[in-house]
Amino acid sequence: MKIASYTDLRNHMKTYLDGVISDCEPLIVNRSKNKGVVIISLDEYNAIKETEYIMRSPAMTERLRNAENHLKEGKGREYSLDELKEKMGL
């Protein structure tokens, strides 16, 4: 995880923001006498929100846990990307 001061972020904003996106790594910004902040990419934020949404549903959480156990027991099936697209109608 990268860390920057507020002043350094202000002076090198484009470089830091480009790094957050290209490295898929959050940036912690320390602010003197204030609480710090974390900058993440929009893709990372959307992934977090999607996970929160899924985990709010007890039925979906249970379904995911069952699927994980199924795979651990060796009962999963491997699909090629083309097979998966076909199954999804894409």
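Visitor: Before any numbers, what do the accessible areas come from here?
Guide: Accessible areas come from the Shrake-Rupley method with a 1.4 Å probe, and they are applied here to a predicted model. On that basis the accessible surface of the protein chain comes to about 7900 Å², and carbon and sulfur atoms hold 55% of that surface.

Visitor: OK, and how much of the chain is buried?
Guide: Of its 90 residues, 10% count as buried.

Visitor: What's the fold pattern, reading along the sequence?
Guide: The protein chain runs β-α-α-β-β-α-α-α, with a secondary structure of five helices and three strands. Its radius of gyration is 20 Å, well over the 12 Å that the globule rule gives for 90 residues, so the chain is more spread out than a compact globule. Along the principal axes, the C-alpha atoms fill a box of roughly 55 × 30 × 25 Å.

Visitor: And what share of the contacts with a separation of 6 or more is between residues 24 or more positions apart?
Guide: Such pairs account for 32% of those contacts in the protein chain.

Visitor: Switching to the inside: which residues make up the largest nonpolar core?
Guide: There are six of them, namely Ala4, Leu9, Tyr16, Val20, Leu27 and Val29. Helix H2 (13-23) and strand S2 (27-30) are the elements that give two or more residues to this core.

Visitor: What does Tyr16 touch, leaving aside its neighbours within four places?
Guide: Tyr16 is in contact with Ala4, Leu9 and Leu27, and also with Asp8.

Visitor: Where does Ser41 lie, then?
Guide: Ser41 is in the loop between strand S3 (37-39) and helix H3 (42-55). Beyond its neighbours within four places in sequence, Ser41 is in contact with Val20 and Ile21, and a polar atom of the Ser41 side chain lies 3.1 Å from the backbone nitrogen of Glu44.

Visitor: Is Ser41 buried or exposed?
Guide: Ser41 has a relative accessible area of 13%, and because buried means under 20%, Ser41 counts as buried.

Visitor: Now the backbone: which way does phi go at Cys24, positive or negative?
Guide: Cys24 has a positive phi of about 50°, although this residue is not a glycine. Cys24 sits in the loop between H2 and S2, and it counts as exposed, at 61% relative accessibility.

Visitor: What about phi of Lys33?
Guide: Phi of Lys33 is near 60°, which is again a positive value in a residue other than glycine. Lys33 belongs to the loop between S2 and S3, where it is exposed with a relative accessible area of 87%.

Notes
Residues numbered from 1 in each chain as written. Predicted model: local features only at pLDDT ≥ 70, side-chain atom pairs only at ≥ 80, totals over all residues. Heavy atoms only, no water. Helix = DSSP H or I, 4+ residues; strand = E, 2+ residues; numbered from the N terminus. Buried < 20%, exposed > 50% of the residue type's maximum accessible area, 1.4 Å probe, protein only. Polar contact = N/O pair within 3.5 Å; in protein donor to acceptor, adjacent residues only side chain to side chain. Contact = heavy atoms within 4.5 Å. Core = buried A, V, L, I, M, F, W, Y, C linked by side-chain atoms within 4.5 Å. Rg over C-alpha atoms; globule rule 2.2 N^0.38 Å.
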